[in-house]
Amino acid sequence: MELFWILLFSSVCPLAWGQGVYAPANAQIVHSGAACNVKDDNISERIYTIKEGDTLVLQCIVKGHPRPQVRWTKTAGSASDKFQETSIYNETLRIEGIQRVQGGRYYCKADNGVGVAAIKSIRVDVQYLDTPVLTVHQTISDVRGSYYQEKTVFLRCTVNSNPPARFIWKRGNTLIEQSKDNGVDIYEPLYTQGETKVLKLKNLRPKDFADYTCQVSVRNVCNIEDKSVTFRLTNATTPPMIRLSVNDTVVVDPGQDVLLTCEVTSGFPPPTVTWSRYPGPLPLSAQVRGPTLILRAVTPADAGFYNCSAVNNVGNPARKNANLVVRTMSNLTFQITPDSNKDSETIQMGRDLKLSCHVDATPQDKVNYTWYKNGAPVFNSDSLILLRSDPDMAPGTSSLEIVDMKFRDLATYSCVANFPGSRVPELRVDVNISQSSVSPPMLSVPPGGQVVSVREGGNAELVCLVVDGKPRPPVLWSRMEKDLLMPSGATMVETPDGRLRLKNVSRDMMGLYRCQTAPYNGLNIKRREAQVQLNVQYPPILDPVFQDMRSRNYQMVTLTCTVLRSNPPRLTDIRWFRNGDLIRMPMPDLKETPELKFKLEPNNNGSYECRVSNNAGTSTCTFNVSAQPYNAEFYFDTPNPVRILKGNNYSYNLQWTQRDPEATDRIIGYWINVRKNKQSLLSKQIDLKGKEPEKGVLMSYTISDLRIPLSYEVRLAPITTYSTGDYISRIIQYSEPYTYPRSSDHVCGFEDERICGFSQDRSDIFDWTRQNHLTQNPKRSANTGPETDRSGTKEGYYMYIEASRPRVPGDRARLLSPLYNVTSVRGPKGSGRVPYCVSFYYHMKGKHIGTLNVLLRVRSIASVDSVVWTKSGQQGPDWKKAFFDISPSGPFQIVFEGIRGPSFEGDIAIDDVFITIGKCKQENTVASAGKTVLIGGSRSLPLASWLTFGLSCILSLLHR
């Protein structure tokens with residue numbers, strides 16, 4: 001009712017409201033999926049309980065004008081704007097087959113650009129129960145010097161569940177109770193993963209050798225059934241032990257077959273053997289045959305740790321692993337190091353010289369290096385010293401030192417790397433040592449190559465050449481800025497010819513690049529360096545890329561296209577186009593911001609483009625310039641828009657506002673189109689009769705002759721003298737209109753076929769039936785249901801549910817009262833709400849009677865159902881009266897829910913339903929205890945406040 005007064009006075013006194021009906025977003029989360037339970041204990045912590053594997057459906061019901069946009073997110077933090085990158089823009093969030101990791105807090109953010117966005121949350125609690133795991137552990141310890149031994153066994157049962165599970169231990173089929181058996185202890189250990197319960201068998205007795213069952217339960221929450229596991233304890237029960245058929249490390253050549261056998265040496269029950277690999281899964285070619293793992297024709301990618309595990313749930317699993325190493329060898333390099341003590345960069349007689357050789361290999365320490373001089377093997381001597389592993393070089397590097405070099409040492413030296421006894425091919429590198437064959441390199445950037453310019457998206461080549469030096473080493477490229485990586489993602493890239501080739505160049509590749517000689521495959525001396533600048537050219541970056549501009553006809557319009565960045569910065573051309581045609585105008589100043597001014601007329605509406613060019617290309621600002629009016633904005637919060645007409649028809653009060661009505665020419669009317677299944681039922685022009693739309697002020701149109709209960713598509717477009725705006729579309733649906741309970745309202749005895757406006761709920765399983773004694777089925781069950789209505793007359797009608805076939809236990813039938821609107825009368829002191837009395841008679845005779853619930857359905861942003869009265873089981877052969885008080889916070893319905901019992905003798909009936917203003921009068925009759933139910937909402941403003949506000953608006957209007 002408060003909303004009615006707000007709308008009334010906002011239309012009378014627009015100055016007082018400023019924004020009119022524009023209102024910030026409001027939101028509420030409701031569920032319609034497979035929920036086990038939804039707790040609404042307090043506003044800040046709503047908990048939605050659901051079974052793992054079921055379907056989660058959450059709806060974010062919104063209010064506000066314009067219609068808010070909805071965004072769903074899931075975070076672990078507070079309800080702030082720190083949302084995850086992934087989100088769902090939809091009022092309904094649906095997750096099929098929800099998993100436990102998807103539990104948590106879900107946020108609905110509704111925003112319409114007016115005020116602060118509305119953020120609501122609900123915590124989703126996913127319930128599950130895994131199959132428990134039962135393991136047996138045994139300790140044997142001496143007892144204070146005695147010669148006998150005490151044997152204790154621990155049965156450990158572990159399970160993952162939500163909520164926490166309850167454990168039950170059984171020996172055979174007998175429940176184990178610690179208080180009745182001194183030979184057992186049952187306790188929870190500390191520091192365990194999951195939920196664990198331990199059954200301790202002290203000093204094993206003959207009866208302790210038996211079948212033990214661990215049963216876990218979550219007390220049927222979400223209909224999750226109990227689960228159990230059984231273990232047979234015997235005097236032969238032992239933990240597993242295994243041994244591998246190979247050593248800890250297995251080294252093989254590529255292409256070989258590998259067989260790994262995991263032999264079980266003990267364990268009862270017989271252990272289960274499994275194989276795994278780290279890192280990664282087993283190779284696709286791997287074959288597991290019992291305890292044996294077969295790897296065919298292995299490759300270097302098959303290398304890794306292979307783990308064998310044997311498990312029989314006794315003690316700890318037995319584990320063994322073998323490291324499989326597949327031999328590889330590649331990238332053999334050499335280094336020539338002049339006498340470092342003399343700071344020399346050339347070969348000189350009488351000075352020392354070192355030749356080094358390195359190969360990338362697996363395993364690195366198994367590589368064998370052999371040196372040759374002019375084809376003959378080299379052995380250690382006073383002038384030639386072999387280093388198997390040079391400590392001054394990278395690990396795995398072999399060196400040959402030539403001491404006090406003589407003319408006889410000028411020769412061709414060869415380094416050969418191989419794996420002894422392996423089929424992996426050996427690698428060889430030859431180094432010619434002479435005064436003319438070895439010289440330091442020189443690095444040079446070709447003329448004009450210091451700066452390389454390329455258009456974005458093109459290919460570039462950076463060149464840095466070794467123009468002198470023997471032998472010529474490769475060139476290494478890197479970024480000058482130490483934190484930047486190369487386009488490939490590496491910190492350094494090797495090029496054998498000094499040419500760095502870049503494809504699909506982007507502007508983030510722009511900058512300085514360093515080239516330098518590599519310290520290998522040449523002289524190992526101070527690196528030569530040079531730099532190359534990469535300059536990436538791109539077209540101008542403009543703002544705005546697109547802009548929608550509305551204006552009245554015959555007014556001046558200014559279009560501005562701002563250049564944010566450009567490379568090269570100098571512009572070469574600026575041109576303006578309208579609808580693709582060049583606009584003839586003087587050449588604009590290329591140093592000024594591009595701008596176009598003109599008078600908007602009906603013949604020059606359209607798309608305007610500003611094309612700005614530099615040497616790298618052209619970019620465009622696009623403006624949609626139009627005198628076409630903005631779209632209308634449907635108002636979705638119209639109170640009680642439906643009116644029932646004769647002939648099963650209804651009318652709908654369609655309301656809307658006009659977005660920025662002053663931005664374009666005066667709006668003179670609207671086109672309205674009503675469609676059903678894409679067929680037009682109504683198309684006409686709504687004439688505003690000279691009244692102009694105002695920002696935030698509602699406009700209305702009543703659509704008549706709509707069929708109950710059909711829904712329709714409505715399309716609406718504004719009209720000006722010169723043009724028509726774009727259509728917007730919405731669906732209108734039939735809903736029960738509000739009624740207003742009064743103290744004089746009559747009792748509904750269901751005597752009329754219209755049953756006082758009550759209706760069947762379309763979402764239930766079956767319907768309530770209207771019946772009297774004369775219309776009863778003669779073959780009906782004699783031991784259930786009333787003979788007459790509440791008054792005792794055979795002609796009187798009542799509503800009942802039929803429990804016979806095809807109904808099954810748990811089937812629900814719901815009967816909905818008319819939709820009642822709360823009045824503006826102030827409620828009892830301290831409540832701020834109006835109390836209502838609900839009374840009715842019920843009949844629940846029969847040995848299979850189920851349940852009769854009465855629910856209060858309050859409509860605010862969304863409908864919320866709350867049970868306010870309930871009764872189950874047989875209540876005798878007489879009609880009985882029930883009454884209770886309610887204090888709803890908004891429009892409400894009373895819902896009678898009948899639930900079918902275990903069999904057919906379970907008919908339930910109701911009669912003489914009475915809903916009126918005021919608290920129920922206590923009566924000396926068989927009825928439920930009266931109670932007051934407060935559902936949702938906040939304290940309402942009194943009617944006097946609204947009247948005072950309305951009067952002030954009228955006075956201010958008269959003064960104006």
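Me: Which residue is the bridge partner of K170 in β13?

Reply: The partner of K170 is L175, which belongs to β13. This is a predicted model, in which local features need pLDDT of at least 70 and side-chain atom pairs count only at pLDDT 80 or more, while totals for chains, interfaces and linings use all residues. Residues are numbered from 1 along each chain as its sequence is written, and side-chain values use heavy atoms, with hydrogens and water left out.

Me: Why are β13 and β17 said to stand at the edges?

Reply: The open sheet has four strands in the order β13-β12-β16-β17, paired antiparallel. β13 (174–175) and β17 (227–232) each have a single partner strand, so one side of each lacks a neighbour in the sheet.

Me: How do you know that C262 and C308 form a disulfide?

Reply: A disulfide is a pair of cysteine sulfur atoms within 2.5 Å. The sulfur atoms of C262 and C308 are 1.8 Å apart, so the pair qualifies. C262 is in strand β20 (residues 258–268) and C308 in strand β24 (residues 304–311), 46 residues apart, and the pair thus links distant parts of the chain. By this rule the count comes to eight disulfides.

Me: Why is the disulfide of C262 and C308 called left-handed?

Reply: The torsion about its S-S bond is about -75°, and the disulfide is therefore left-handed. The link of C357 and C415, with -85° about the S-S bond, is also left-handed, whereas that of C748 and C756, with 95°, is right-handed.

Me: Why is K503 called exposed?

Reply: K503 has 69% relative accessibility and therefore counts as exposed. It lies in the loop between β40 (499–502) and β41 (511–517). Leaving aside neighbours within four places in sequence, K503 is in contact (heavy atoms within 4.5 Å) with G458, N459 and M509.

Me: Why is the pair of F840 and Y842 called tilted?

Reply: Rings of Phe, Tyr and Trp (its six-membered ring) pair if their centres lie within 6.5 Å; planes under 30 degrees apart count as stacked, over 60 as edge-to-face and the rest as tilted. By this rule the count comes to 14 aromatic pairs. For F840 and Y842 the centres are 6.2 Å apart and the planes make 55°, giving a tilted pair. Both residues, F840 and Y842, are buried.

Me: How do you know that the charge of R770 sits over the ring of Y797?

Reply: The rule asks that NZ of Lys or CZ of Arg be within 6 Å of the ring centre and within 35 degrees of the ring normal. The charged end of R770 is 3.6 Å from the centre of the Y797 ring and sits over it.

Terms used:
Pairing = 2+ DSSP bridges. Helix = DSSP H or I, 4+ residues; strand = E, 2+ residues; numbered from the N terminus. Buried < 20%, exposed > 50% of the residue type's maximum accessible area, 1.4 Å probe, protein only.
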